[in-house]
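Welcome, and please load the model in your viewer.

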Amino acid sequence: MNVLVTGGAGYIGSHTVLCLLNSGYDVVVYDNLCNSSYEAIKRVEKLTAKTVKFVEGDIRERLALTELFKTNNIDAVIHFAALKAVGESAQIPLDYYQNNVHGSLTLLEVMAEFDVHNFIFSSSATVYGEHNPSPYLETMPLGRPTSPYGTTKVMVENIMDDVSKSNEKFRGISLRYFNPIGAHESGQIGEDPKGIPNNLLPFVAQVAVGKRAKLSIFGDDYPTTDGSCERDYLHVMDLAEGHVAALTWLQDSAQFRGVEAFNLGTGTGTSVFKIINAFEVATNKNIPFEISPRRDGDLPAFWANADKAKTALNWQAKRSLEDMMTDTWRWQSANPNGYNN
Ligand SMILES: NC(=O)c1ccc[n+]([C@@H]2O[C@H](COP(=O)([O-])OP(=O)(O)OC[C@H]3O[C@@H](n4cnc5c(N)ncnc54)[C@H](O)[C@@H]3O)[C@@H](O)[C@H]2O)c1
């Protein structure tokens, strides 16, 4: 099976490409490298001793996508390519709608033109919005996310629904990720954000390696166990394996038409203070921090009900919090400047 992976040079994409290759799939990666490096692909090839077909390009470029579908026999698409910084999306919302929504539309149109109907979309827990109670269940109504970034995910999920109603061949899966952290256990690939990290773990790791002086904790007076925000952190390799499970499910479910959503999380919330402590214990590093004001739009706590993925996809997050910390540190300490070493 030949799988097109958009955004496959990025953090989750590169780990997923590695799992796909190890599971025997052929992979074409399409990425404009706006938030990633080709070096990630080279390392995946080395780790798997397999080759990836890489095409540099933008999902909004219809001609380039058409050419790609014309010259490759694509059976399924895993669509990671997106801008993902929640705070930035409030500053430049049009860029986010343009990239994430228009890009997805163009991709879906070209897929339809070439009669490709297997589509796995990188969605997010943010689609549950502010008002659904945790643990989040796939049967809950989609909410109104607090950021334009989150709204782009809801919009693409709605588009997939409408496409499935109009095209009886469409087979869509929406994977709603919770908070992926960690890195491949080799320490060769990991998260390498450009500029100041938006997410907790890359920031913690950069403080540990001496790139940043201290961590800011945004709010310590939330109604949670220790006052800091709680999230459902899962190991990026578990998340990557979730994509292989979803693809396998699509292949095994020949009769399936429509769209299915699956939460990919552990089912447990962990606080920011607990993460810092776990990182310090696993790495023997001290993480200086300061308490900063709350950030707009941050919810106090949310986590997944991941039963549906367990029952239907036979997928479950297996790796521990300690694995997430040690693997992050192995990657960061071996690559203090990410892929630009
Ligand atoms: N990391 C998370 O915490 C998280 C959580 C939920 C959902 N997601 C979603 O998962 C997907 C992957 O996230 P990630 O953390 O790996 O991010 P990432 O930035 O590392 O990867 C995204 C990749 O897409 C590429 N890209 C962006 N716009 C593109 C375009 N117009 N054309 C071609 N390539 C483009 C980037 O260069 C990058 O390689 C995204 O859709 C993101 O919204 C991420």
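## A helix and its neighbours

The buried residues of helix H5 pack against strand S1 (2-6), helix H3 (62-71), strand S4 (76-79), helix H4 (86-91), strand S5 (118-124) and helix H6 (148-166). Contact here means heavy atoms within 4.5 Å, and buried means under 20% relative accessible area, with exposed over 50% and partly exposed in between (1.4 Å probe, protein chains only). Helices (H or I, at least four residues) and strands (E, at least two) are DSSP runs, numbered from the N terminus.

A note on the source: this is a predicted model, in which local features need pLDDT of at least 70 and side-chain atom pairs count only at pLDDT 80 or more, while totals for chains, interfaces and linings use all residues. Residues are numbered from 1 along each chain as its sequence is written, and side-chain values use heavy atoms, with hydrogens and water left out.

H5 itself covers residues 93-113, which makes 21 residues. From its first C-alpha to its last, the helix reaches 29 Å, close to the 30 Å expected at 1.5 Å a residue; the expected span is 1.5 Å times one less than the number of residues. Among its buried residues are Tyr96, Asn99, Asn100, Leu107, Leu108 and Met111. After H5 comes Asp115, with a positive phi near 60 degrees.

## Around the ligand

Which residues come nearest to the ligand? Of the 28 residues around the ligand, they are Asp31, Asn35, Ser36, Phe80 and Tyr149; a residue is near a molecule or strand if one of its heavy atoms lies within 4 Å of it. By class, this shell holds 13 nonpolar, 10 polar and five charged residues. In that scheme Ala, Val, Leu, Ile, Met, Phe, Trp, Tyr, Cys and Pro count as nonpolar, Asp, Glu, Lys and Arg as charged, and the others, Gly among them, as polar.

For Cys34, the distance from a polar backbone atom to a ligand oxygen is 3.0 Å. Taken alone the ligand exposes 810 Å², and the protein buries 96% of that (Shrake-Rupley method, 1.4 Å probe; for residues, only the protein chains shown count as cover). Helix H1 (11-22), S5 and H6 are the elements that give two or more residues to the shell, and S5 gives the most, with three residues.

## Ser122 in strand S5

Ser122 sits in strand S5 and counts as buried because its relative accessibility is 4%. Its side chain makes a polar contact with the side chain of Tyr177 (2.7 Å) and reaches the backbone oxygen of His79 at 3.3 Å. A polar contact is a pair of N or O atoms within 3.5 Å; within protein, one must be able to donate a hydrogen and the other to accept it, and residues adjacent in sequence count only if both atoms are side-chain atoms. Not counting residues up to four places away in sequence, Ser122 touches His79, Phe80, Lys153, Leu175 and Tyr177.

## Backbone details in the loops

The peptide bond from Ser134 to Pro135 is cis, with omega near 0 degrees, and Pro135 lies in the loop between S5 and H6.

Is Ala49 buried or exposed? Ala49 counts as exposed because its relative accessibility is 71%. Its phi is positive, near 55 degrees, and its place is in the loop between helix H2 (38-48) and strand S3 (53-56).
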